[in-house]
Amino acid sequence: MAKQVSRRMAIGVALLLAAPRLASAQAIFDPKDWNGTLGAGAKSWIAERAKLPPFTAPRTADGQPNLQGRWGGTWSGDDIEEIPKPVDITTPAWESYVSTPANGKIPYQPWSLAERNAHREGLGREAWSKDPTKRLYYDPQAFCVKSVPRYSQRGYELVQTKDSVIMMLNWGHIYRVIPLDNRQPPSGDLRTWMGSARGHFEGDTLVIETTNLNGKMWLDSAGNFIGRNAKVTERLRLVSPNDLDYQATIDDPETFTQSWTLTARQRRQGAGGGQGGGGNAVRDPYAAESWEHACHEGNGEHEHEIQNLGFKWYFPPVPPKK
Amino acid sequence: MRYRLLAAVLVFAASSAFAQAPANMPSYTPPKTADGHPDIQGIWQVLNTAAWDLQDHGARTGVPAGRGVVVGNDIPYKPEALVKKRENDAKRATLDPESKCYLSGVPRITFMPFPFQIVQQADKVNVLYEYNHTIRQIYMNGNPHPDGHIDWWMGDSRGRWDGNTLVVDSIHFSEDTWFDRVGNYHSDALHVVERYTPISPYHMRYEVTVEDPKVFTRPWNINTILYRRIDPNVELLEYECYAYQLEDSWQNK
């Protein structure tokens, strides 16, 4: 065990600013090594899921399907739509996570597609911008906030009580408490980053409906977004002892032409922190513990450097009047 | 280690002096969880003014007067540490870590004027705080504190049950947090022992022993009450302190 462990473990902003040169804590994919295949997104997982034998989740003492445990992060942080070829060393080629519609494209309306494209163009990333000096918004996640469904990109621990489901992320100490008691969400005057989540079980499936979002978060670091009036319906089902099928359906007629769904596989983790697999859990008794991820504290002055670079704070766009 | 033993003795002394319910409250045995532990789950909050000042204080603009939560009201600073505490207080507008929305540290997080929710597992007690969506995971899995020193804002917390009392031992703190808004502070040698004792379905006694031989001449104690939030629609919401601060400071606001 290290005698001195820096509390500055969370340098999300620094890494993003310096990418692609400084990528010490991110996976590195050298585009030169690309073998022409795509990482597994919705399509591959759905094909694999179809081959699994039928599975019924074990039950908790309260008789609920038992989904408890540590679940690993799933979808790539970059672009939940298909990345047909490697963008840079932190952005490999990847299948779309969008399962509906079948073309894997988010069904934007013309205004919202233009908005998404402007987000992407304004990121200042050479691979995505005609003019990398043009800066609009920085990925809001860099400031240590999360939303639904983007939280599920990271690993989390799921705990069930008789009347609620709790999800705890190691990343940024984000959590959700999801009541199962049929209570109504608050009025639209009360909006939050993580929204207001209400859950119930349908057979083996945990269904979570989230509303009251403040709309200040993107879906990924490539500028994809949903509106503040979106309803996000997540469906979580254990399809094997160690695989959780994760689906999130977005209903947001102000922003999209139809409701759409992203689908991902979440794998059971033995180790803590979402930092990797469970291989060390046997040797390290602390591997399944969640140690502090002080995100904002670690960002420090980088937050103001982003401001000084000319990036604006992201506010959700206002849909055009019909 | 000598200090830790001393702290243990003081916690015992404090608990025998204060842990019994007030005279007008019958003795109370909490229900048990499925794992057989005292069930202290639910949403709790303090009803005191310790967020502003742990000690007795008068009112000023925006600050209600309050009786302190420190047993005996005295915080036994070393002389040079008392000088620093007074400097902190004088410059609190810029020096208070709360002004930068940093994680609050322990026990300050308990006194922040926001609710928090306790969720129990067989080998862990999770405390979810509305303020800055802070999580404390209090491990009861048999692992001792990891080797260190580790600079953590919220420390490393290990718990055990002493009868109906949850006892939480925390070390590995950074020196960057304070205890309140008037500059009461500690070093990275901080060692905190908290005792959560249910005394009715709706009340818990909250006792803390603070020791830090770099800053204080002896360990000292806090004794106050946590109240269960029973409002019909109560649930944890959000106070994303740093997000509001950044948004307010942005040029395109």
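Modeller: Two strands are said to pair if DSSP finds at least two bridges between them, and strands (E, at least two residues) as well as helices (H or I, at least four residues) are DSSP runs, numbered from the N terminus. This is a predicted model, in which local features need pLDDT of at least 70 and side-chain atom pairs count only at pLDDT 80 or more, while totals for chains, interfaces and linings use all residues. Residues are numbered from 1 along each chain as its sequence is written, and chains are lettered from A, with ligands numbered from 1, in the order in which they are written.

Colleague: OK, which strands make up the open sheet of six in chain A, and in what order?

Modeller: The order is β2-β10-β9-β8-β7-β6, with antiparallel pairing. At the edges are β2 (98-100) and β6 (196-202) of chain A, each of which pairs on one side only. Neighbouring strands are turned against each other by 25° on average, direction ignored, where the axes are lines fitted to C-alpha atoms (for helices over the stretch in contact) and angles between N-to-C directions run from 0 to 180 degrees.

Colleague: How many bridges join β2(A) to β10?

Modeller: Two bridges join β2(A) to β10 (residues 260-267) of chain A, and A:Thr100 stands opposite A:Thr261 there.

Colleague: And which strands does helix α2 of chain A lie across?

Modeller: Helix α2 (residues 42-50) of chain A lies across β2, β8 (231-240), β9 (243-251) and β10, running at about 65° to β10(A).

Colleague: What about the open sheet of four strands in chain A?

Modeller: That sheet has the order β1-β3-β4-β5, again written with antiparallel pairing. Because β1 (69-71) and β5 (175-179) of chain A stand at the edges with a single partner strand each, one side of each is left without a neighbour in the sheet. The twist averages 20° from one strand to the next. Six bridges join β3 (residues 156-161) to β4 (residues 164-169) of chain A, and A:Tyr156 has A:Leu169 as its bridge partner.

Colleague: Switching to helices, which residues of α3(A) are buried?

Modeller: They are A:Ser112, A:Arg116 and A:His119, a residue being buried if 20 or more other C-beta atoms lie within 10 Å of its own, exposed if 12 or fewer do, and partly exposed in between, with C-beta atoms placed from the backbone. Seen down the axis of α3(A), these buried residues fall within an arc of 55°, so they line one face of the helix; the arc is that of the directions from the helix axis to the C-beta atoms. The face turned away from the buried side carries the exposed residues A:Pro110 and A:Ala114.

Colleague: Now chain B: why is β7 described as largely enclosed?

Modeller: Nine of the 10 residues of β7 (residues 191-200) of chain B are buried, so this strand is largely enclosed by the rest of the structure. β7(B) pairs in the antiparallel sense with β6 (residues 165-171) of chain B over five bridges, and with β8 (residues 203-211) of chain B over nine bridges. With β8(B), β7(B) forms a hairpin that has two residues between the strands.

Colleague: Last one: how many residues of chain B are in contact with chain A?

Modeller: 38 residues of chain B are in contact with 34 residues of chain A, contact meaning that the C-beta atoms of two residues, placed from the backbone, lie within 7 Å. The largest share of the chain B side, four residues, comes from α5(B).
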